[in-house]
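Have a look at the model first.

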Amino acid sequence: LMAVKLKLTRFGSKKHPFYRVVAANDETRRDGRPLEFLGYYNPMKDPIEVKLDADKIKEWLARGAEPTDTVRSLIKKHMA
C-alpha cells in the first residue's frame with residue numbers, strides 16, 4: 001500500500017522558482033512522475049500567484065492523501 005502526498009515539484013530556472021502542486025507517491029523523489037497535477041504556485045509574482053483545482057484536491061484528500069505543510073498552508077489560504 002503506497003501513501004500518497006500532495007506536494008510541490010520545482011520548475012523554473014535558477015533563482016526563479018515555479019512550483020506545481022501534485023499528488024505523488026510518498027516515496028517518489030521531488031521532481032519524479034506525479035499521479036496527477038492539481039495546480040501551481042508562483043512565489044516570484046507580486047502578489048504571489050496560486051491556482052488550485054479545488055475539486056481534484058478535495059477528491060485526493062477524501063482518498064486519504066496527506067498534504068505537506070507548505071501545500072496545507074496554500075490550501076488554507078487559497079481555497080477558503
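Strand 1 and strand 5 (residues 66–67) run parallel, joined by 2 bridges; strands here are DSSP runs of E with at least two residues, helices are runs of H or I with at least four, and both are numbered from the N terminus. Two strands count as paired if DSSP finds at least two bridges between them. This is a predicted model, where local features need pLDDT of at least 70, side-chain atom pairs count only at pLDDT 80 or more, and totals for chains, interfaces and linings use all residues. Residues are numbered from 1 along each chain as its sequence is written, and side-chain values use heavy atoms, leaving out hydrogens and water.

**Strand pairing**
- Strands 1 and 2 make a hairpin with 2 residues between them, and Lys 15 in the turn has a positive phi of about 65 degrees.

**Overall build**
- The protein has 2 helices and 5 strands, and from the N terminus the order is β-β-β-β-α-β-α.
- The C-alpha trace spans about 40 × 30 × 20 Å along its principal axes.
- Of the 80 residues, 31% are buried (under 20% relative accessible area, with a 1.4 Å probe and protein chains only).

**Contacts**
- Among contacts (heavy atoms within 4.5 Å) with a separation of 6 or more, 31% come from residues 24 or more positions apart.

Technical notes. Buried < 20%, exposed > 50% of the residue type's maximum accessible area, 1.4 Å probe, protein only.
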